[in-house]
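I opened this notebook to record what I looked up in the structure.

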Amino acid sequence: MASRLPTRWAAALTQNCRSSLPSTRVLITESHILLPRTTRRGVQYGWSTANPRTKPTRFNQPSAGLPAPTTGPAAALKRKEQSTPLRTGIIATKKGVSAMYNSKGQRFPCTILQMDQVQVIATKTRATNGYWALQIGSGQKEPGNVPAPMLGYFEAKGISPKRYLAEFKVRGEEGLLPVGVQLQPDWFMVGQFVDARSTGRGMGFAGGMKRHGFSGQEASHGNSKNHRTIGTSGPSQGGGSRVHPGKKMPGRMGGERVTVQNLRVLKVDNKTGMVVINGHVAGPMGCMVMLSDAIKKNPPAETFIEKMRRLTLERNPGHEERLQAAREAHLELKEMRKEGRIGEAIALSAIL
């Protein structure tokens, strides 16, 4: 029920309001204008019983620095702007772990990653796909082990089939790179922070003690063959006699995507394709690791980003001509396959 109005709730009104109020329903004194004690109550008249301390619109204030609350695609990109890197990342292979020492003798555990023919496969734009991103490929795969649709996909770009493909979102159009450009380890600056995403080592089906750290049951005092079991998990009067979703139980352990943030780059080597980062990365040796600029740390300097973009384009001259020639050859080979001229198509593809 709404609270009752105080006796002198309109005593603070000034004399300027006299002209706008009806003379038949108000009492005007020398110092105040007194309105009638009965008033219309309802949400449509601006009446609210909510406590003013709750501040229901505190998250929508313009001074909070947040974009206007909306559900449009442009607003969604604006909200995710600060958590999206300025440039693309790379794909590397985990080779092992080691340690490095500085001039003071301090030991730093590190993970050794190697880049293998990392190239830009495709680009996604805001107008076509709704966001900006690059598809990066790494490694090499035998054509006989690649499905025919993917063979045509790589053939149209003039790139050999890749073993790994990954997508990296960028903040804007300035972060895109041409198709076919190859990235080197010096894409990252020594001393900067990166985020490493990989799939953790799978450990198979595990019990509750190993998977969730349960302490187990009593070793004696009537306990028989239930020392490592989790016990009952469902029946209970208050819980509805069922197993709630998310209950910690035995099951498959590991094999999940793990992101390790804020790892410092210790060393890069273009000759061997090595990237050495401080700390450990999830996954066994030989697993794929996606490396990108850290989103919780400041990105590299703008001068370094522009320098590496310029060097990358200079190392790959004529990428537009190669892409156009690959597209034309792909269309020609496609027509040959449709007409049944397989021999001519194989001879042409061997020349290319």
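**Entry 1: surface and overall make-up.** I began with the accessible surface of the protein, which comes to about 23,200 Å², with 53% of that belonging to carbon and sulfur atoms. I note that the model is a predicted one. Of the protein's 352 residues, 29% count as buried. I then listed the secondary structure and found seven helices and 13 strands. I also looked up the contacts between residues at least 6 apart in sequence; 68% of them join residues at least 24 apart.

**Entry 2: the cores.** I asked which residues of the largest nonpolar core touch the most other members. This core has 32 residues, and the answer is I90, I277 and L291. I next looked up which elements give two or more residues to this core: they are the strands β3 (90–101), β6 (133–138), β7 (164–169), β8 (193–199), β11 (257–269), β12 (274–278) and β13 (288–293), together with the helix α5 (302–315). A second, separate core has five residues, including I121, F154, I159 and L323.

Leaving aside residues up to four places away in sequence, L291 touches G89, I90, L113, F168, F188, V194, D195, A196, V275 and I277.

**Entry 3: helix α5.** I recorded 14 residues for α5 and a reach of 20 Å from its first C-alpha to its last, close to the 20 Å expected at 1.5 Å a residue. Its buried residues are F304, I305, M308 and T312. These cover an arc of only 100° around the axis, and therefore lie on the same side of α5. On the other side of α5, I found E302, T303 and E306 exposed.

**Entry 4: helix α6.** Helix α6 covers residues 319–339, 21 residues in number, and reaches 31 Å from first C-alpha to last, close to the 30 Å expected at 1.5 Å a residue. Which residues of α6 are buried? I found H319, L323, A326, A329, H330, L333 and M336. Viewed down the axis of α6, these buried residues fall within an arc of 140°, so they line one face of the helix. On the other side of α6, the exposed residues are E320, E321, L331, K338 and E339.

Key
Residues are numbered from 1 along each chain as its sequence is written. This is a predicted model: local features need pLDDT of at least 70, side-chain atom pairs count only at pLDDT 80 or more; totals for chains, interfaces and linings use all residues. Side-chain values use heavy atoms; hydrogens and water are left out. A nonpolar core is a set of buried Ala, Val, Leu, Ile, Met, Phe, Trp, Tyr and Cys residues joined through side-chain atoms within 4.5 Å. Buried means under 20% relative accessible area, exposed over 50%, partly exposed in between (1.4 Å probe, protein chains only). Helices (H or I, at least four residues) and strands (E, at least two) are DSSP runs, numbered from the N terminus. Contact means heavy atoms within 4.5 Å. Accessible areas come from the Shrake-Rupley method with a 1.4 Å probe; for residues, only the protein chains shown count as cover. The expected span of a helix is 1.5 Å times one less than its number of residues. The arc is that of the directions from the helix axis to the C-beta atoms.
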